[in-house]
Amino acid sequence: MKILPHYKEDEGAKCSHSISLRDNMGVLSKEEAKTVAAYMESCTVIGEWLSNVKDPMTNEMSIPSRTWSDGVYVWDSSHIHHVKKYRARLPADFLAHVRMRLDIGFDTETLVKDALRTEFELMLNSLANGDASCYASY
């Protein structure tokens with residue numbers, strides 16, 4: 001699994017691959033943003049918390065705090081929000097992966113939440129031990 005890095009302005013973990021949201025808005029076309037966001041929302045929520053997180057551009061606590069996966073990548077609701085609202089850049093490999101999954105008609109109903117959560121927890125342990133190799137890069 002690969003984790004989509006947070007943008008520099010986001011709260012939460014940052015990595016050397018983080019890029020500025022402010023500098024990477026309006027990159028996706030409206031159609032691509034709509035398609036990618038729909039795919040991301042069709043996948044499996046593997047973690048969910050009660051409090052919302054802040055939209056760094058508006059300072060509003062408006063983004064649900066959820067972690068999603070499709071079995072290959074992991075992302076947060078903030079990524080979906082930034083794609084929908086700002087058409088923000090995402091890693092090219094992730095976008096190619098989404099297009100391929102959509103082309104083959106990948107069925108997200110085949111995803112097993114407990115298995116995805118277990119794999120994600122192993123990744124978090126690696127991150128806690130200083131291994132940032134699980135981050136996707138832009």
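Buried here means under 20% relative accessible area, exposed means over 50%, and partly exposed is whatever falls in between (1.4 Å probe, protein chains only). The model is predicted, so to speak of local features takes a pLDDT of at least 70, side-chain atom pairs count only at pLDDT 80 or more, and totals for chains, interfaces and linings use all residues. Residues are numbered from 1 along each chain as its sequence is written, and side-chain values use heavy atoms, with hydrogens and water left out.

Thr67 sits in strand β3; strands (E, at least two residues) and helices (H or I, at least four) are DSSP runs numbered from the N terminus. Contact means heavy atoms within 4.5 Å. Not counting residues up to four places away in sequence, Thr67 touches Thr44, Val45, Ile46, Gly47, Trp49, Val74, Trp75, Asp76 and Phe120. Thr44, for its part, belongs to strand β2 (residues 44-48) and counts as buried at 14% relative accessibility. Beyond its neighbours within four places in sequence, Thr44 has contacts that include Thr67, Trp68, Ser69 and Leu116.

On to the sheet. Two strands pair if DSSP finds at least two bridges between them. β2 runs antiparallel to β3 (residues 66-69), the two being joined over four bridges, and Gly47 has Thr67 as its bridge partner in β3. Helix α4 packs on the sheet, where it touches β1, β2, β3 and β4, and its direction makes about 55° with that of β2; axes are lines fitted to C-alpha atoms, for helices over the stretch in contact, and angles run from 0 to 180 degrees between N-to-C directions. The sheet as a whole is open, with four strands in the order β1-β4-β3-β2 and mixed pairing. Its edge strands are β1 (2-3) and β2, each of which pairs on one side only.

Next comes the interior. A nonpolar core is a set of buried Ala, Val, Leu, Ile, Met, Phe, Trp, Tyr and Cys residues joined through side-chain atoms within 4.5 Å. The largest one has 35 residues, and those with the most contacts inside it are Ile3, Leu4, Val36, Met40, Trp75, Leu90 and Phe94. Two or more residues each come from α1 (30-42), β2, β4 (73-76), α2 (77-86), α3 (92-104) and α4 (113-128). Helix α1 gives the most, with five residues. In soluble globular proteins, nonpolar side chains tend to be buried together.

Aromatic rings also deserve a look. Rings of Phe, Tyr and Trp (its six-membered ring) pair if their centres lie within 6.5 Å; planes under 30 degrees apart count as stacked, over 60 as edge-to-face and the rest as tilted. Three aromatic pairs turn up by this rule. Tyr7 and Tyr138 make a tilted one, 6.3 Å centre to centre with 45° between the planes. Tyr7 lies in the loop between β1 and α1 and Tyr138 in the segment after α4, so this pair ties together parts that are 131 residues apart in sequence. Tyr7 is buried at 0% relative accessible area, while Tyr138 is partly exposed at 30%. Tyr73 and Phe94 form an edge-to-face pair, 5.0 Å centre to centre with 75° between the planes.
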